[in-house]
Amino acid sequence: MGVLEDKRRARFFYKYFSKIYDYVNPIFYSLEMRRKVVDLAEISRGDIVLEVGCGTGFTTEEIVARVGEENVVAVDITPEQMKKAVERFRGAFFVRGDAENLPFKDDSFDASISAGSIEYWPNPVKGIKEMARVTKPGGRVVILAPRKPDNPIVRKFAESIMLFPSTQQLVLWFEKAGLSDLRVVETGPYFFWSKLVTIVSGRKE
Amino acid sequence: MRKKLLDILACPVCKGDLKLEVKEENEEEVLEGFLICDNCNEKYPIEEGIPNLLPPELRDKL
């Protein structure tokens, strides 16, 4: 178990990290990657979209551009991170909540998106199942996760910090959560770092 | 929290319906108050306009 793979530690890390987060995050998560995540959710204007782990609102911005502020509901565990997103998107809805215990009724959203959050979930299958539960039948669940590094030394270091699932592992979790028609993209911010993350999209039957 | 959100909110633990108890509000939203589960009676605070719907044991730990 990595040092940040615990909700309490992740919450305290981000409480302080939130001050510099917006400067550091673009190094690992580019605009192109963000577009890909939201493309895979197959949403259009007027759709109601859930974002799990919105942080300061980087992915939220892309979702808002596609469906409109008033159709976005964003959840995060850390109020310090979420505060920035709240100020940026006054028309969106924000809820402090936990991915593995989502506070929504079944079949509430046209799609559910989570980018860069699953690595902090102690029970990822439960989180994916929750996202599927609150998504309407026919809607998509999309998750971006840091990919298990190929280099064994880098992998050992990465796994001491948090969860880095392999692409196969993520696909298996999506199947366990009952999602189908899976689409998988491995991508990264630079040519030389082109397999930093895995994005998986699955449809709820 | 704008009241429209209530249509889709549920208790994070038992997924029961929530009812709203307003302490302070303006024309747009509820600033302070509680969301109370109809089913299990758990009480969730609304703080500075943001509902805190973390499960109680996580809310106390974080």
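Biologist: Which residues is B:Leu18 in contact with, leaving aside its neighbours within four places in sequence?

Modeller: Contact means heavy atoms within 4.5 Å. In this predicted model, B:Leu18 touches B:Leu6, B:Leu9, B:Ala10, B:Cys11, B:Leu35, B:Ile36, B:Cys37, B:Tyr44 and B:Leu53. Residues are numbered from 1 along each chain as written, chains are lettered from A in written order, and side-chain values use heavy atoms, without hydrogens or water. Local features need pLDDT of at least 70, and side-chain atom pairs count only at pLDDT 80 or more, while totals for chains, interfaces and linings use all residues.

Biologist: How many residues does the largest nonpolar core have?

Modeller: In soluble globular proteins, nonpolar side chains tend to be buried together. A nonpolar core is a set of buried Ala, Val, Leu, Ile, Met, Phe, Trp, Tyr and Cys residues joined through side-chain atoms within 4.5 Å; buried means under 20% relative accessible area (1.4 Å probe, protein chains only). Here the largest core has 46 residues, and B:Leu18 is among those with the most contacts inside it. A second, separate core of 30 residues includes A:Val49 and A:Val72.

Biologist: What is the strand order in the open sheet of seven strands?

Modeller: Strands pair through backbone hydrogen bonds, either parallel or antiparallel. Strands are DSSP runs of E, at least two residues, numbered from the N terminus, and two of them pair if DSSP finds at least two bridges between them. In chain A the order is 3-2-1-4-5-7-6, with mixed pairing.

Biologist: Which strands stand at the edges?

Modeller: Strand 3 (93–96) and strand 6 (179–187) of chain A each have a single partner strand, so one side of each lacks a neighbour in the sheet. Strands 1 and 2 of chain A run parallel, joined by four bridges.

How values were computed: Buried means under 20% relative accessible area, exposed over 50%, partly exposed in between (1.4 Å probe, protein chains only).
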